[in-house]
Amino acid sequence: MLFGLSWKIWINFIGFNLIWVLSIFSGNESVLWVSLLLLVHFVLISKPFIELSVVLTTALLGYSVDCLLTLLGVFRFEQVQGITPIWLMFLWIGFCSTLRHSLSFFSEKYILASAAGAIAGSITYLSAAHFGAVELPLSPALSVAVLASVWAVLFPSLLWISFALSQVMSKRLC
């Protein structure tokens, strides 16, 4: 244990950050490596079927929000076939693999999760834009306002869905 957290929590946290870096700096070329990291995640999980269901459900929701924001002109991706690049979906799967693990601290603390989502969500997209992974065509202030508003609702919603879905699936599979 380090800082009171188990090694699995640290691996989950570091693994997602590695997925983020690979995705932002390598784009679609990262998909193989990100897939391998996600495979390791699902191998280390005690109930992989539940985890896969929860992660894919929440990732689909998050990815859909990003697609909508792209269609609305909040994001722009260069050289993309379709609405968004494929690496973005894999990044969402990686992020959602943290909801019940390294981000579980925020479960049932929805006001705190909302504030954290507004701040961290905005910073994450601004960082991705700084490194050239995405363009934010709106003014910086408007981009931050939109992203903070979306993530203030999205992050606690994803946490709630992941918790509720895992509870339902655990009861049905037992």
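Analyst: Happy to. One definition before we start: axes are lines fitted to C-alpha atoms, for helices over the stretch in contact, and angles run from 0 to 180 degrees between N-to-C directions. Also keep in mind that this is a predicted model.

User: How are helix H3 and helix H6 oriented to each other, roughly parallel or roughly antiparallel?

Analyst: Take H3 as residues 48-71 and H6 as residues 140-173; their axes come within 9 Å and cross at roughly 155 degrees. Angles over 145 degrees count as roughly antiparallel. The crossing of H3 and H6 is right-handed. So H3 and H6 are roughly antiparallel.

User: How many salt bridges does a search of the whole structure find?

Analyst: One of them joins Glu51 and Arg100, and Glu135 and Arg76 also meet in a salt bridge. The search of the whole structure gives a total of 2.

User: In the Glu51 and Arg100 salt bridge, how far apart are the closest N and O atoms?

Analyst: This pair links distant parts of the chain, with Glu51 in helix H3 and Arg100 in the loop between H4 and helix H5, 49 residues apart. Glu51 is buried at a relative accessible area of 1%, while Arg100 is partly exposed at 26%. The closest N and O atoms of Glu51 and Arg100 are apart by 2.7 Å.

User: And the Glu135 and Arg76 pair: how many residues apart in sequence are the parts it ties together?

Analyst: The N to O distance for Glu135 and Arg76 is 3.3 Å. Glu135 is partly exposed at 28% relative accessibility, and Arg76 is partly exposed too, with a relative accessible area of 43%. Glu135 sits in the loop between H5 and H6 and Arg76 in the loop between H3 and H4, so the sequence separation of the parts tied together is 59 residues.

User: Which helix is largely enclosed by the rest of the structure?

Analyst: Buried means under 20% relative accessible area. Trp87, Leu88, Leu91, Trp92, Ile93, Gly94, Phe95 and Cys96 are buried in H4. That's 8 of the 11 residues in the helix spanning residues 86-96, so the largely enclosed one is H4.

User: Last one: what is the area of the nonpolar surface patch with Leu39 in it?

Analyst: Leu39 is found in helix H2, residues 31-44. The patch is made by Leu39 along with Leu32, Trp33, Leu36 and Val43, and its area is about 550 Å².

Note on methods: Residues are numbered from 1 along each chain as its sequence is written. This is a predicted model: local features need pLDDT of at least 70, side-chain atom pairs count only at pLDDT 80 or more; totals for chains, interfaces and linings use all residues. Side-chain values use heavy atoms; hydrogens and water are left out. Patches are made of residues with over 30% relative accessible area and no salt bridge: like charges are joined within 9 Å, nonpolar side chains (Val, Leu, Ile, Met, Phe, Trp, Tyr) within 5 Å. Accessible areas come from the Shrake-Rupley method with a 1.4 Å probe; for residues, only the protein chains shown count as cover. A salt bridge is a side-chain nitrogen of Lys or Arg within 4 Å of a carboxyl oxygen of Asp or Glu. Helices (H or I, at least four residues) and strands (E, at least two) are DSSP runs, numbered from the N terminus. Buried means under 20% relative accessible area, exposed over 50%, partly exposed in between (1.4 Å probe, protein chains only). Angles under 35 degrees count as roughly parallel, over 145 as roughly antiparallel, 65 to 115 as roughly perpendicular and the rest as oblique. A crossing is left-handed if the near helix is turned anticlockwise from the far one by less than a right angle, and right-handed if clockwise.
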